[in-house]
Amino acid sequence: MEPLLKGPIPAERAATCDRCAMLPSGDAPVDRSEFFSASTKCCTYLPELANFLVGRVLTDDDLEAAAGRATVEARIDKKVGVSPLGLHRTPVYSLMYRSSPASFGRAVSMRCPHYVVDGGRCGVWRHRESTCATWFCKYGRGETGRAFWQRLHDTLGACEGAVRLHCLMELGLDVRSLAALHPTQAVANASARPGNLGAPDLDGEFVPAAYRAAWGAWEGREREFFSSCAEIANALDWPEVLALGGARLEVLVALLLDAYKKLVGDEVPARVRRRRLNVVYASPESVQVVGYSPMDALRVPKELVDVLHCFDGRPTAAALAGISEVHGLDVEPGVVRKLVDFGILSAEED
Ligand code: SF4
Ligand code: SF4
């Protein structure tokens, strides 16, 4: 992203992954539904690893990468959800993931196979895919940060999609394999219908005929194929990736650049209005308010909560002057920006 954004991406320091911010602190009894499990953190997710990312994991001979590499080898050996496009989420996993949002961050049975339990870290971190590279439980700029990372996710996902197809063509995958990987829309729609899981899907087994159709002449040389994809992808520069992504990627890049400008900008909206407060905890000094995300409540001093009603859509400068005059409280414009970022105030359209 460096040549594209022409500036650094601010680090997300509130998501303290080494000491996960979503785990309860101390031994006091807590409502488990508000926290993640120490056995999973947020890695209750099965990533789709594009072919060139699989190849990068396989060819990463750093000792520290060995544990993660073994998990990718195991997925390849199993042949379930393994195609020249990469490693896929299995239908059963997708079904469970969609049906149980409350288990996110909590269900050990949903834990990513690349999660290294000893040390609680990602085994494929250097080569992780777009979702894993852009998801945080908390964002320094709240909703503005989340919007930026979502745009980055979309852009990286489109790049991954374009580059993995490019790899297929560069490696001369034959047309029967291409057809197996890209069935006609009617067939794709039929197989995507609910209730269409077969016994092999449920039992976590691969289907030899389908596997053979997808791999064609490359069957038995899957590792060589993935490593070659990594070589092809590693040689690409940004203008080449952009060209591969076509008009769709151009649109996503335009949206990303706009989100980046907002992320690193310090503009304060000209008019703001108080939103309905969702208070989850109150003490005599402060209240904890959930705005843009239940995972990222904001602690707001009580004296600030008491003047929020002054943000009623009038110009922000007038509201701040009124608060100072009537309530004797000087509120910095940066505080207004933070309250907007965290969904406590909303920006009014002019
Ligand atoms: S992003 Fe995930 S690992 Fe990092 S602090 Fe948040 S929940 Fe924990
Ligand atoms: S690939 Fe890494 S970051 Fe992504 S879910 Fe798995 S362990 Fe977590």
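Helices H2 and H3 cross with a left-handed sense in this predicted model. H2 covers residues 51-58 and H3 covers residues 66-78; their axes come within 9 Å and cross at roughly 130 degrees. An angle over 145 degrees would count as roughly antiparallel and one of 65 to 115 as roughly perpendicular, so H2 is oblique to H3. On the H2 side the contact is made by Val54, Val57 and Leu58, which meet Gly68, Arg69, Val72, Glu73 and Ile76 of H3. By class, the residues of this contact are five nonpolar, one polar and two charged.

H2 also packs against helix H11, which spans residues 222-234. Here the axes lie 7 Å apart and the angle is about 100 degrees. H2 and H11 are therefore roughly perpendicular to each other. From H2, the residues taking part are Asn51, Phe52, Val54, Gly55, Arg56 and Leu58. From H11 they are Arg223, Phe225, Phe226, Ser227, Cys229, Ala230, Ala233 and Asn234. The contact of H2 with H11 divides into eight nonpolar, four polar and two charged residues.

The next site is the ligand. Which residues surround ligand 1? Its shell holds four cysteines, Cys17, Cys20, Cys42 and Cys137. Ala15, Thr16, Ala21, Met22, Phe36 and Lys41 are also part of the surroundings. Eight residues of the shell are nonpolar, one is polar and one is charged.

Strand S6, residues 271-274, is joined to S11 by three bridges, and the two strands run antiparallel. Within this pairing, Val272 has Ala347 in S11 as its bridge partner.

How many bridges join S6 to S10? There are two, and these strands also run antiparallel. Arg271 has Pro315 as its bridge partner in S10.

Another open sheet has three strands in the order S7-S8-S9, again with antiparallel pairing. Its edge strands are S7 (279-282) and S9 (298-301), each of which pairs on one side only. With direction ignored, neighbouring strands of this sheet are turned by 25 degrees against each other on average. Strand S8, residues 286-289, pairs with S9 over four bridges in the antiparallel sense. In this pairing, Gln288 stands opposite Arg299 of S9.

Notes: Residues numbered from 1 in each chain as written. Chains lettered and ligands numbered in written order. Predicted model: local features only at pLDDT ≥ 70, side-chain atom pairs only at ≥ 80, totals over all residues. Heavy atoms only, no water. Axes fitted to C-alpha atoms, helices over the stretch in contact; angles between N-to-C directions. Parallel < 35°, antiparallel > 145°, perpendicular 65-115°, else oblique. Left-handed = near helix turned anticlockwise from the far one by under 90°. Contact = heavy atoms within 4.5 Å. Nonpolar A, V, L, I, M, F, W, Y, C, P; charged D, E, K, R; others polar. Near = heavy atom within 4 Å. Pairing = 2+ DSSP bridges.
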